[in-house]
Amino acid sequence: MRVLLIGANGYLGRFVADRLLADPAVQLTALGRGDDADVRFDLASGSPGALTRFLDAVHPGVVVNCAGATRGGARDLTRHNTVAVATVCEALRRSGCGARLVQIGCGAEYGPSQPGSSTAEDAVPRPGGPYGVSKLAATELVLGSGLDAVVLRVFSPAGPGTPAGSPLGRLAEAMRRAMQSGDGELKLAGLGVQRDFIDVRDVARAVHAASLSAAQGVINIGSGRAVRLRDAASVLARVAGYAGALHELDGPSGPGRPTIGHPRSETEPTAPAAYPYPDGCGSWQQADVRTARDRLGWRPRINLEESLADIWMEAACRI
């Protein structure tokens, strides 16, 4: 099976590439913006015609799209998450390769959900932020394309390679700094948020399974269990050997208040968030993962403690 992987150098893409390369039946070609891609191509600015010509030359049986952006303004998110997917869909429609498309979506497409509930694929999406909106628009393009396609809505990925700007990455970095300075107290905001964390290696397994299946439509990929960030912080403290006290700051984050509930770039101002949960997902998210079990034969294997141990191992190397 010849697979074209788009975004192989990204956080998810690296693990998807490793998983596909471990399958001796897969011939993998990587397409991306980096110099180490087999073929350099920018989906946000490249033309569908150019991508069509490449598809006709390579003739893949499956196209996996892991490319996209998680941070930036609405314009950048739209370019990299929506326009890019429109390019992929149009190129596949024009091409004679007849490839199956596996698109990586995200749990942010659903937006906030009722605490205690599990979100199934038939839930009405109501994204609460520009990232979720851009990804939902991409999903709608895929579902309306007429292609043989499946969208994997990945909830909150964790594990090795977790970006330092993600909630768990920020938590690990804050703990690393506290241990380095000998600080016996760690004060953070946003610890009350509950998210469904899924190890990135389990996500890669799901992509591999989806590539081999005939499943179409939307399939949730998560652990099926919401975890409070404060509980994740406690597990991380145990893994790291941090004996200090964890204190949660009340109320939304603001100037001078460290928060782990959402990513922030170094250049982003420290003004209060415009809404309480900047990822647009509210205080609670938990995936209903029965469809992945039934249609892909997939179940999560790696627990959160192992994911956090890998996150801490990488953070500790920066000491």
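## Helices α5 and α9

In this predicted model, helix α5 and helix α9 are oblique to each other, because their axes cross at roughly 50 degrees and an angle between 35 and 65 degrees counts as oblique. Helix α5 covers residues 167–181 and helix α9 covers residues 304–316. Their axes come within 10 Å, and the crossing is right-handed.

On the α5 side, the contact is made by Leu168, Ala172, Met175, Arg176 and Met179. On the α9 side, Leu308, Ile311, Trp312 and Ala315 take part. Sorted by class, the residues of this contact are eight nonpolar, one charged and no polar.

## The largest nonpolar core

The largest nonpolar core of the model holds 33 residues. Within this core, the residues with the most contacts are Val16, Val64, Val102, Leu152, Ile219, Ile221 and Leu296.

Helix α6 gives the most, with seven residues.

## Val102 and its neighbours

Which residues does Val102 touch, not counting those up to four places away in sequence? They are Val62, Val63, Val64, Asn65, Val150, Leu152, Val207, Ala210 and Ser211.

## A second core

There is also a second, separate core, made of 29 residues. Val58, Val85, Tyr110 and Ala138 are among them.

Definitions and conventions
Residues numbered from 1 in each chain as written. Predicted model: local features only at pLDDT ≥ 70, side-chain atom pairs only at ≥ 80, totals over all residues. Heavy atoms only, no water. Axes fitted to C-alpha atoms, helices over the stretch in contact; angles between N-to-C directions. Helix = DSSP H or I, 4+ residues; strand = E, 2+ residues; numbered from the N terminus. Parallel < 35°, antiparallel > 145°, perpendicular 65-115°, else oblique. Left-handed = near helix turned anticlockwise from the far one by under 90°. Contact = heavy atoms within 4.5 Å. Nonpolar A, V, L, I, M, F, W, Y, C, P; charged D, E, K, R; others polar. Core = buried A, V, L, I, M, F, W, Y, C linked by side-chain atoms within 4.5 Å. Buried < 20%, exposed > 50% of the residue type's maximum accessible area, 1.4 Å probe, protein only.
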